Amino acid sequence: MTTASTPTTSTTTLPAGFGDLEAFGAWVLPDEAARIEARLSRPYAESKAFYETMLAAVPRFLPYLLGRNTGDADQADRNLLDLALAYVEIANAVEIYDDGEIPDGADLRLFVSVLKSHG
């Protein structure tokens, strides 16, 4: 895998076996709005490097997360879940648009989550 950007370093803690993803701690974000903002404000090369690394890690993190009860998750597990959610948010940007923004599309910051609007 060739990446055009170096990941942002962080002190984010992830579960044992996921230390290679800790370099992407800046993508551990609290909600969808923050993930959208990161997608739009960070260089596309950084987003693509994150996507490529997470894509390769799907066979490891997906079974791990599916085996966890979110109510009992510790901070490391929640951080991994937030990374996985950021990966999902960035996937269309890389796979479909090859850009952080949607060409000729509306500003994604205008999106209001149905989950957030209904409490």
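1. Helices (H or I, at least four residues) and strands (E, at least two) are taken here as DSSP runs, numbered from the N terminus. Tyrosine 51 lies in helix α2. The model is predicted, so that local features need pLDDT of at least 70 and side-chain atom pairs count only at pLDDT 80 or more, while totals for chains, interfaces and linings use all residues. Residues are numbered from 1 along each chain as its sequence is written, and side-chain values use heavy atoms, with hydrogens and water left out.

2. Helix α2, residues 44-66, bends by about 65° at alanine 57, with proline 59 following within four residues; the bend is the angle between axes fitted to the seven residues ending at a residue and the seven starting there.

3. Tyrosine 51 counts as buried because its relative accessibility is 8%, where buried means under 20% relative accessible area (1.4 Å probe, protein chains only). Leaving aside neighbours within four places in sequence, tyrosine 51 is in contact (heavy atoms within 4.5 Å) with Tyr87, Ile90, Ala91, Val94 and Glu95. The C-alpha atoms of tyrosine 51 and alanine 93, 42 residues apart along the chain, are separated by 9.5 Å.

4. The buried residues of α2 also include Phe50 and Phe61, and the cover over the buried residues of this helix includes α1 (32-41) and α3 (75-97).

How values were computed:
Buried means under 20% relative accessible area, exposed over 50%, partly exposed in between (1.4 Å probe, protein chains only).
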